[in-house]
Amino acid sequence: MKVVKLEDILGTEREVDDGNWVSRRLILKKDNMGYSVHDTIIRAGTETHIWYQNHLESVYCIEGEGEVETLSDNKIHPIKADTLYALDEHDEHLLRAKTDMRMVCVFNPPVSGREVHDENGVYPADLD
Ligand code: 9YT
């Protein structure tokens, strides 16, 4: 069994800062769980274009407030603490944070930790 503490991964390669967000990867592909688990802070006042064409993601907001706009229908989905959104159709979206938002994110397939969003907000498929 594994126990992972956030305090032990801060400042390591498992902490990835993209400017709009900082993601602490608690579980990655190399942990062989079949998914990855991230504790991500979305910074207040940011808007991020995201389109995970190669991944499914569930995002559970545990602190803060913002919204997701799905670009297929331009619907605005208010997100605050205790709300989960699931990108079950690889939904292209804009994530806007009104305050800092703390999100627990689960990715299937798991991310390796080396992905960065490309210009379309996409992570590449299945890096090792
Ligand atoms: C909520 C979301 O998708 N934020 C972007 C970062 C992503 N969660 C990650 O790589 O940890």
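**Entry 1**

I began at His38, where a polar side-chain atom lies 2.6 Å from an oxygen atom of the ligand. I am working on a predicted model. Next I looked up Ser23. One of its polar side-chain atoms lies 2.5 Å from an oxygen atom of the ligand. Then I turned to Glu57, which has a polar side-chain atom 3.0 Å from a ligand oxygen atom. I count each of these pairs as a polar contact because the cut-off for N or O atoms is within 3.5 Å.

How much of the ligand's accessible area does the protein cover? I noted 100% of the 310 Å² that the ligand has on its own.

**Entry 2: the shell around the ligand**

I listed 15 residues around the ligand. Ser23, Arg25, His38, Glu57 and Tyr123 come nearest. I then sorted the shell by type. Ten residues are nonpolar, three are polar and two are charged.

**Entry 3: the cavity**

I asked where the ligand sits. The space it takes is the largest cavity. Which elements give two or more residues to the shell around the ligand? I wrote down strand 2 (21-27), strand 3 (36-42), strand 5 (56-63) and strand 10 (101-108).

Rolling a probe the size of a water molecule over the atoms shows where empty space is left. I checked the count of cavities of 30 Å³ or more and got one. The volume of the largest cavity is about 140 Å³.

I went on to the lining. It holds 18 residues. Thr40, Ile42, Tyr52, Glu57 and Cys105 lie nearest the centre of the cavity. By type, the lining has eleven nonpolar, five polar and two charged residues. Strand 2, strand 3, strand 5, strand 9 (93-97) and strand 10 each supply at least two residues of this lining.

**Entry 4: the backbone**

I left the ligand and looked at the backbone. Is the peptide bond from Asn108 to Pro109 cis or trans? I found it cis, with omega near -5°. Pro109 lies in the segment after strand 10.

Next came phi. Asn74 is not a glycine, yet its phi is positive, about 55°. I placed Asn74 in the loop between strand 6 (65-70) and strand 7 (75-80). Asp82 is not a glycine either, and its phi is positive at about 75°. I found Asp82 in the loop between strand 7 and strand 8 (83-87).

Technical notes
Residues numbered from 1 in each chain as written. Predicted model: local features only at pLDDT ≥ 70, side-chain atom pairs only at ≥ 80, totals over all residues. Heavy atoms only, no water. Near = heavy atom within 4 Å. Polar contact = N/O pair within 3.5 Å; in protein donor to acceptor, adjacent residues only side chain to side chain. Areas by Shrake-Rupley, 256 points an atom, 1.4 Å probe, with all protein chains shown as cover. 1 Å grid on protein atoms, 1.4 Å probe; cavity = no way out; pocket = protein on both sides within 12 Å on 5 of 7 lines; lining within 4 Å. Sits in = over half its atoms within 2 Å of the grid points. Helix = DSSP H or I, 4+ residues; strand = E, 2+ residues; numbered from the N terminus. Nonpolar A, V, L, I, M, F, W, Y, C, P; charged D, E, K, R; others polar. Points joined across faces, edges and corners; volume = space filled by probe spheres on them.
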